[in-house]
Amino acid sequence: MNANVTAQISEPTEATAPERKPIEHLSVIISKGTLDMAYPGLIMANAARMSGIDATLFFTFWGLDVVTESRIDHLHVPTVGNPSMHIPTMLGGLPGMESVATEVMKKEMDKLDIPPVREMIEILSDSGARLFGCQMAMDMFKRTKEDLVPQVQDVITAMDFFEESAGAQVLFI
Amino acid sequence: MPVLEAKGNEVELDGDGFMVDSSKWTPEIAEVLAEGAGVGPLTERHWKVITFCREDAAQVGQPPGLRRISKLSGVGTKELYQLFPKGPGKLAAKIAGLPKPKGCI
């Protein structure tokens, strides 16, 4: 009997082939505050909005820096513990290396017409994406809503986040 | 290959509904493409965006991304999403008879 079932499953007919349903809502959890980890989530969420897909962003742990007024313009590319940099870790730790790497990345992003993080956040907000800060991370870093950029519409809990993400594909970065 | 009927003319489209030959585009075709894309009757603001896209593409050689449109066309990001709610990133280019934009922004 089991053999019959297997045979049935391994030969899907056209009628039983799963339908490819388009994504309608993307929910991104941004948990890192480095420049190279901030951009992917912001770009993916923006690409979703440009395609008519709803987008929700949740900034938690170090990701809170991406929407913190005093930090947003000063996010860095890490040069230590990052094998993709292709420089020895000891060199990466020398003073100034992180600034150089950050400047190089900012220049390259600019060449591709990718705006600075602050402008990305403005574009996302204008596009109708919804931005939320994480309550627990806010408490941990002792930040208040006033410390965040105005595009963050609310500070919510993880449970609230899942309510806001109804019907969404959730992406953790 | 899908074909669109526009005022008696047949317009060839690719698999994603973009025009294969953008030189055959006319404003009448834009109206039909807009209707098919769920964008209501085209207003003067839509036309401002569409005209910019065609002029920019003719100069640059590729359809403009959304950020470029918002910076240079005189229509801002918020309004672009109101005009093309189902995705201004693709729809502006599609209605302007251009290929799908290749940029991510």
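This is a predicted model: local features need pLDDT of at least 70, side-chain atom pairs count only at pLDDT 80 or more; totals for chains, interfaces and linings use all residues.
Me: What should I know before starting?

Reply: Local features need pLDDT of at least 70, side-chain atom pairs count only at pLDDT 80 or more, and totals for chains, interfaces and linings use all residues. Residues are numbered from 1 along each chain as its sequence is written, while chains are lettered from A and ligands numbered from 1 in the order in which they are written.

Me: What is the strand order in the open sheet of chain A?

Reply: Strands here are DSSP runs (E, at least two residues; helices are H or I, at least four), numbered from the N terminus. Two of them pair if DSSP finds at least two bridges between them. In chain A, 5 strands pair in parallel in the order S4-S3-S2-S1-S5. S4 (154–156) and S5 (169–172) are the edges, each pairing on one side only. From one strand to the next, the twist averages 25°.

Me: How many bridges join S2 and S3 of chain A?

Reply: S2 (residues 54–59) and S3 (residues 130–134) pair in the parallel sense over 4 bridges. Look for A:Phe58, which stands opposite A:Phe132 in S3(A).

Me: And which helix gives the most to the side of chain A that touches chain B?

Reply: Contact means C-beta atoms, placed from the backbone, within 7 Å. By that rule, 13 residues of chain A are in contact with 16 of chain B. Helices H2 (35–50) and H5 (117–126) of chain A each supply at least two residues of that side of chain A, and H2(A) gives the most, with 4 residues.

Note on methods: Two residues are in contact if their C-beta atoms, placed from the backbone, lie within 7 Å. Axes are lines fitted to C-alpha atoms, for helices over the stretch in contact, and angles run from 0 to 180 degrees between N-to-C directions.
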